[in-house]
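Thanks for asking me to take a look at this one.

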Amino acid sequence: MKGKMLLRVNEKFDSAHQLNDYIGKCSRLHGHTWRLEAYIQVDKLQKNGISIDFHDVKSFLREFLPDHRFLNDYLDMKYPTAENLVTYFYKEIKNRFPGLSKVVLWETEANGVEYSEV
Ligand SMILES: [Zn+2]
């Protein structure tokens, strides 16, 4: 395939967290509607013109993302910041979809963190 092609899939989930060793309002329990964007590199298409079925990515994310959870306990993470979460999500999604090249985790409409290995 000529050029670079990336499949992009977005999924939202609602979860709570509490930041530790931090002074500010986010040290109190609060929630976000998080939005995760997965970027998957496409190397070749099947005969029908499809690379990876969007539906497969969507259903994996729906199953995997910690919806309606308290992230500190559920993920056993002392520092469930957007930075630590995006790294964790990247590793887990990469296990299922090896072509994953980047994950962006939006904590609010305006604030997000992007992670890739390069
Ligand atoms: Zn927060």
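1. Keep in mind that this is a predicted model. Histidine 68 sits in the loop between H1 and S3. Its phi is positive, about 55 degrees, although the residue is not a glycine.

2. Aspartate 21 also deserves a glance. Its phi is near 50 degrees, again a positive value in a non-glycine residue. You'll find Asp21 in the loop between S1 and S2. Aspartate 21 counts as exposed because it has 7 C-beta neighbours inside 10 Å. As background, most residues other than glycine have a negative phi.

3. On to the strands. S1 (residues 5-17) and S2 run antiparallel, with 13 bridges joining them. Within that pairing, leucine 7 stands opposite isoleucine 40 of S2. S1 also pairs with S3 (residues 69-70), this time in parallel and through 2 bridges. Here alanine 16 has phenylalanine 70 in S3 as its bridge partner.

4. Now helix H3, which covers residues 82-96. With 15 residues, H3 reaches 21 Å from first C-alpha to last, close to the 21 Å expected at 1.5 Å a residue. Which residues of H3 are buried? They are Leu85, Val86, Phe89, Tyr90 and Ile93. Viewed down the axis of H3, these buried residues fall within an arc of 135 degrees, so they line one face of the helix. The face turned away from that buried side carries the exposed residues Glu83, Lys91 and Asn95.

5. What do the buried residues of H3 pack against? Their partners are strands S2 (30-42), S4 (100-106) and S5 (112-115).

6. Finally, the core. The largest nonpolar core has 15 residues, and those with the most contacts inside it are Leu36, Ala38, Phe89, Val103 and Leu105. S2, helix H1 (54-64), H3 and S4 are the elements giving two or more residues to this core. H3 supplies the largest share, 5 residues.

7. Setting aside neighbours within four places in sequence, valine 103 is in contact with Leu36, Glu37, Ala38, Val86, Phe89, Tyr90, Ile93 and Tyr115. Among these contacts, Val86, Phe89, Tyr90 and Ile93 belong to the buried residues of H3.

Definitions and conventions:
Residues are numbered from 1 along each chain as its sequence is written. This is a predicted model: local features need pLDDT of at least 70, side-chain atom pairs count only at pLDDT 80 or more; totals for chains, interfaces and linings use all residues. Helices (H or I, at least four residues) and strands (E, at least two) are DSSP runs, numbered from the N terminus. The expected span of a helix is 1.5 Å times one less than its number of residues. A residue is buried if 20 or more other C-beta atoms lie within 10 Å of its own, exposed if 12 or fewer, and partly exposed in between; C-beta atoms are placed from the backbone. The arc is that of the directions from the helix axis to the C-beta atoms. Two residues are in contact if their C-beta atoms, placed from the backbone, lie within 7 Å. A nonpolar core is a set of buried Ala, Val, Leu, Ile, Met, Phe, Trp, Tyr and Cys residues joined through C-beta atoms within 7 Å. Two strands pair if DSSP finds at least two bridges between them.
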